[in-house]
Amino acid sequence: MFASSQKDRPPGEMFVWFTSMGLAVGLLMIVGLLGFIVWNGVAVFWPKPVAEIRLKDGAPLFRGSASVMGVITKQQPIDVRNLTPEQLAHPDPLVRMEKQLFVGNRNTYGASYVYFNAGDIDSVQYPEGVLNIERMEWGNALVYPIALELKDGTRIEASDPAFPGRFSEIMVEVNKRRAAITKIEKGRIGKINHRMRNLQLDERYLERNKTLSPAQQADLEETRERIRQLQAAYEPLAAEALKMRERQNDHHLLFRLATGEERRQAMGDFVHHFWPNQMNTLHKIGQFLHHAKEFLVAYPREANTEGGIFPSLFGTVVMTLLMSLAVTPFGVLAAIYLREYAKQGPFVRAVRIAVNNLAGVPSIVFGIFGLGFFVYFMGGNIDRIFFPRNVELGVPTFGTGGVLWASLTLALMTVPVVIVSTEEALAAVSRGVRQGALACGASKWQTIQTLVLPASAPGILTGLILAMARGAGEVAPLILVGVVALAPSLPVDSIFPFIHLERKFMHLGFHIYDLGFQSPDSEAAMPMVFATTLVLILLVVVLNLGAILIRNHLKRKYMASAF
Amino acid sequence: MSITSTPEIPERFRVAKPTLMLDRFMTHFIKGGGFAIIAAVFLIFVFIGIQVIPLFRGASVDEEAVYDIPSDDIAVFGVDEYGELPFFVTSAGELFFLDTRPEDQPGHRGWFGMDIGLPEAANISVMEYNERGNELLIGTEDGQFKVAKIVYGVTYPEEGGRLVTSEVQGTPLFPIGRPGYAVSHLAYGDASASDTGTRKLVAAVQQVDGRAELHAATLSQSRTLFGLGPLKEDASYDLTHLLGGEPQAVLVNWEANSIVVGNADGSVCYIPFVNGAFDVRQRFRPFEDLPDPRIASMHFVLGDVSIVFTGVNGDMRVWSLYRDAASDMRLWGQTKKFPALAGGGATYYSPSLRNKAFLTGRGDFASLRYMTTEVIRWEKILPFSIKDAIIGPRYDRMAFLSTDHKLHTYRMEDKHPVAGWKTYFGKIQYEGQAAPSYEWQSTGGRDDFEKKLSLVPLIIGTLKGTVYALIFAVPIALLGAIYTSQFLLPSFKRFVKPTMEIMASLPSVVLGFLAALWLAPIVSNAVPSVVFAVTGMTLSSFFMGWAWGRLPNRYRLAIKPGYEFLLVIPVVLSFTWLGWELGPVIERTFFVVTNPDTGLQTADFRLWFPEFTGLPFEQRNAFVVGFVMGFAVIPIIFTISEDALTNVPDAFRSGSLALGASRWQTTMRVVVPTASAGIFSALMIGLGRAVGETMIVVMATGNVPVTEFNPFTGMRTLSANIAVELPEAPYLGTLYRTLFLSALLLFLMTFMVNTIAEILRQKLRERYRAVE
């Protein structure tokens, strides 16, 4: 029987090792992916040194210059299909490599990223005097400053030791003024515009009638009068904003690009600056934190490829919260019904299986339902009943995608998650507790209200958090029911009624989709996509970890307190 | 003894009224509310189902009104868009209109005539009606012709309502062919109506001394600042020598570049106008195989690339133009066959101007048929004998002229004529195609574009994505689950499981973005490397197990059971790296393509694969999607099958081990078979997830509908198709409802798969419970 030469070796050990490969690969995949996203997402904010590259004699020039300045972003082999026979035959493998450079200055160069054959590069230096400026438009500028030209005619040369300090002072001043302008334009002018739009719709609506009754005539006159009043209120504000805008052009920076071109730009165009080649680690950390903070709180610029993601983050949070508001009472109510009130039998068992399976129905199916039912059917009818004016003018209010419909759609999608976990939590409350309460004379509802629900609250919370995590990361149904790449206003703001359920909104997941796939220069958008991905992943993973932790904690608690 | 005998419950034991009322209220509230919520959630699918139902309905046609026509000599009639002002032309060329609005309407016009612009002396020999341009073609006894266009307009008068107005625009009489001989057949095409040019083409048959002659003329009209200039004849052609028979019917297409002549002997002659000259390209007999091959009628379907023929015995066949592969020319071929009309060929015919439907029949029989799908939308024996019929320009009404001089109007509702089982699941030969195929193409450039709505490529795409995802995910997930549940140290398991579960929560948009913008370029650059890396990964663990098992016990036992995977991680990594580095070497050796022009040799899999297999290679392909979808599927399969394996009662395992089986034997012979139902259910749920995955597929596949399983091309899945097309689909249109149908399919697929899985799991749970 034990004829084997290795009788002390249990058979099949080889396969055990083989199965361990499955786990190893799975773990490597998830750790690798998360690591990759974190690394790339974090790297976006880290200030990188700016290199000045000198091209070899005879190599193709960049805009007529042998010298280029930029951040070296990657080095990779050139696509075999694009290699010339000479390159293929060359002994030095460097010839078949290319370097990607972030050169910035898009208004001058046309593209932010440029590739150079590694074999053409003569030398790489990191000059101290380079200034990296983030601008309102056209992305970053990597420049050698020449001088500051102030409004009063004074000129501060870059070699002047006072230059960096003065430059920073003006930047602070310019940014403060920009914030003030935004406050006027978004705040006070925004409010006026909001009312104006409404009145103009009224006016258009009345003007459609060929003949007006005297009452309608009076209405029209009044509407026009109010439009005039708003116009009168608007003009001084607009003038004030304009005046401040003009002051943004008081001071100018004179600078030189690595290619030798000289440019002059108003300081008001600049958002932020740093000296990338003069930073120690502490500076870099400071810069990193600044970038990260700006990314979270700033509005996007340049078709979402620059600036921050505040509206997307805000939209995601508002949508998820609205969704939880809808999903919690419905899910909990349905679960209490199924577990505590419904007569347990084959029917309830079938319903339970079906509810469980709903969680596996593709999200796009819920999306198509949301569009057909919420947006077209419900929204269309709400519009017909409450906003006949807007329907008539072809401006749907609720009859188009919006944050309310999006949250309800996702609530439907996640309600099975909440039902299932609430049911589990209710089932985990031991019979003894219930029977004790009933024996003491409590009614059924009193038992549930005072004992069962509190005891299962953490379980319900777990379900809710899982639902939120699923809702926050889901994009496919949102495409159909109200998410947009660039929303003009937030779904919650300071204009009455403060929460605008009908507004379209921005979403982190859709932001990723839009930037990666709809933007004309996906290469330039990549850093933004990675950073947004990092934020979304953090949001979802933190929610999930929270749910898992609560669940593990609960398991232990129940095990300990079992009757 | 008896409890009931205590009559009085002490006050302190009595329940307060509000408590009881609240309890009663909550009971009703929860019962009602809970049931309502669950019902509401399931109503989703009822709602989606309701959206789909209209797709499978035929046309509904209801009689609207009957009008007496004060003339018994109507040769041609037609209607406007609203059916308010039909026109009638007598065989003598007098034009009348009938105001069909109720007579009390302001400005009611009754029956009134209008000058068609024909000289008194003209004797009409033939009159034809072109629906597509609402034109009358009039030929005279003395060899002249005229085109009279009836132009409808709409005004909105002060007193409200809508008033349809009409006017006649037309050419003067032009001579054609041999002067002085009567025109017996006439056809006309105006390329400016189809936006393909400005040429106008007239074809006319004349009887000259008992012999038929075919003449054609091209006309043109200059466009000036003040509108259209006068029409003038550019050139005329005598095509009699091309005829080869006695012409019986003539058609000219609306691009004005071909003439089709039907002869009395049942042959058809196709004469395209190429480079300024006419020549016969094809002669065919649509009813060649029948005893009597004669043609009773032939008419174009909208778009003028298909002709509906009826034979003298009522057989109905459709011939369409397609590009012949051998000659690379557009030729006619039979594409469809309809049920025959009883009693003989069609006596009337009217094409829809909105789609490929046509109304035809004979006697008192009327039939509305849809060319593309070979479906009869509606047919009926009417209570009157039909002289002529017409479909309204909006495809919302029909009008019949009966032999007893009455006009019968019918309202028609046929919103989705294209839809049907055959469209969605059958092979259809669309116009211009040489063979039937499954095709999805919902939008096109031209007005006469046919929606191609086959769901088959989408279903195949869905299966393709699923198959590649599972090929990759199943082994890893199952091996991982077996190892985690059977061999892994429990203290590791506490962090391993949550880590894998985190993987399930990765938003698919993130996976899609990484797949498309990061992974796809890398993989397409290095396919051999990827293949070798995967092989290296697999072999390394085998090799590792084999080698480790052969070491002396001293070393072998250094790794305690449950720690194997820690040692495997570096080995897997290094072998993966080795495989990756080996890839380019193999590529240089085997996957070399020689450029035929320069003789230059390039080692590149992307070039080699299409060269060698003839299949295309795309950067965004099923291979990449399969890998990335693994991130979504692996954790699901892993978690559920791990649960099933862990829950196998310990008694089984202990018994097997006690009988001397090794841990691997125990696992494979005892644990896995016991948990097989649970593992199967895990696979089903993983499959359900892969089927419904949307964002990864939208982003990483290129979204081209395919019907093959090549790993190096993309695909379009049902779910991606919904996400891509629904935002542009008009509300309640055919495409909108078709997308609902695909959502319903998706739902049914996943719901069924999940239900099977769930039932299996419940069975398994019961089995375990029985053992314990």
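**Close-up views of a predicted model**

View 1. Within chain A, helix α2 (residues 85-89) has the lowest confidence, with a mean of 79. Helix α6 (residues 281-297) of chain A has the highest, at 93. The average pLDDT of chain A is 87. A score of at least 70 is reached by 97% of the residues.

**View 2. Residues 1-5 of chain A.** Here pLDDT stays under 50. Beyond four places in sequence, the model has 1 contact for residues 1-5 of chain A. Where pLDDT is low, predicted coordinates should not be read in detail.

View 3. L131(A) belongs to strand β6 of chain A, which covers residues 131-135. L131(A) counts as buried because 22 other C-beta atoms lie within 10 Å, and the cut-off is 20 or more. Leaving out residues up to four places away in sequence, L131(A) touches V143(A), P145(A), H273(A) and W275(A). One of these, P145(A), is 14 residues from L131(A) along the chain. The C-alpha atoms of L131(A) and P145(A) are 6.9 Å apart.

**View 4. The contact of chain A with chain B.** Chain A brings 79 residues to the contact, and chain B brings 94. On the side of chain B that touches chain A, helix α1 (residues 17-52) of chain B gives the most, with 18 residues. That side of chain B holds 62 nonpolar, 24 polar and 8 charged residues.

Technical notes:
Residues are numbered from 1 along each chain as its sequence is written. Chains are lettered from A and ligands numbered from 1 in the order in which they are written. This is a predicted model: local features need pLDDT of at least 70, side-chain atom pairs count only at pLDDT 80 or more; totals for chains, interfaces and linings use all residues. Helices (H or I, at least four residues) and strands (E, at least two) are DSSP runs, numbered from the N terminus. A residue is buried if 20 or more other C-beta atoms lie within 10 Å of its own, exposed if 12 or fewer, and partly exposed in between; C-beta atoms are placed from the backbone. Two residues are in contact if their C-beta atoms, placed from the backbone, lie within 7 Å. Ala, Val, Leu, Ile, Met, Phe, Trp, Tyr, Cys and Pro count as nonpolar, Asp, Glu, Lys and Arg as charged, and the others, Gly among them, as polar. pLDDT is the predictor's confidence in each residue, from 0 to 100.
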